[in-house]
Amino acid sequence: MENFDQAEYDKLYPRVLELLEQGETQDLIEIELKKISEDPIMIAVAIKEARKFHFTQLRKDGFGKILIGAILIVVGFIITAFNFHSNKSFDFAMYGLTSFGIGFVFYGLYKVIG
């Protein structure tokens with residue numbers, strides 16, 4: 001783009017990120033940005049770059065949640081196995097840790113999928 005206006009882009013990009021974090025739709029974001037700038041190419045570029053960054057952050061956060069969930073599931077399994085063979089109560093490990101782990105995994109998947 002030969003007429004790339006960095007100052008205009010610097011106004012649009014943070015606004016797009018703010019609207020994406022609020023969960024706004026693509027159409028509403030475009031309407032809000034048209035109040036700031038009339039350049040449709042600049043608006044499209046700002047939306048594309050901000051969406052890429054936003055979804056990368058969501059995926060990163062989601063994979064972290066999946067990792068935490070997987071660790072909780074494995075720890076729950078190990079504690080359950082040891083306590084079962086030593087005739088101790090394994091209810092908390094089997095039902096508590098494993099349930100929390102599954103919850104974290106599903107929440108992480110929700111974040112990754114978007």
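Reply: What follows begins with Glu8 and then turns to the chain around it.

This is a predicted model, in which local features need pLDDT of at least 70 and side-chain atom pairs count only at pLDDT 80 or more, while totals for chains, interfaces and linings use all residues. Residues are numbered from 1 along each chain as its sequence is written, and side-chain values use heavy atoms, with hydrogens and water left out.

Glu8 belongs to helix α1, which covers residues 6-21; helices are DSSP runs of H or I with at least four residues, strands are runs of E with at least two, and both are numbered from the N terminus. Glu8 is buried, that is, under 20% relative accessible area, where exposed is over 50% and partly exposed lies in between, with a 1.4 Å probe and protein chains only. Apart from neighbours within four places in sequence, Glu8 is in contact with Ser37, Glu38, Asp39 and Met42, contact meaning heavy atoms within 4.5 Å.

Another glutamate of helix α1 is Glu21. Glu21 is exposed, at 65% relative accessible area.

The protein chain has four helices and zero strands, in the order α-α-α-α from the N terminus. The loop between α3 (40-85) and α4 (91-113) contains Asn87. Asn87 is not a glycine, yet has a positive phi of about 55°. Asn87 counts as exposed, because its relative accessibility is 72%.

Along its principal axes the C-alpha trace spans about 75 × 25 × 15 Å. The radius of gyration of the protein chain is 22 Å, whereas a compact globule of 114 residues would be near 13 Å; this radius is taken over C-alpha atoms, and the globule rule is 2.2 Å times the number of residues to the power 0.38. Of the 114 residues, 26% count as buried. Among contacts between residues at least 6 apart in sequence, 70% join residues at least 24 apart.

Note on methods. Lys, Arg positive; Asp, Glu negative; His and termini not counted. Salt bridge = Lys/Arg side-chain N within 4 Å of Asp/Glu carboxyl O.
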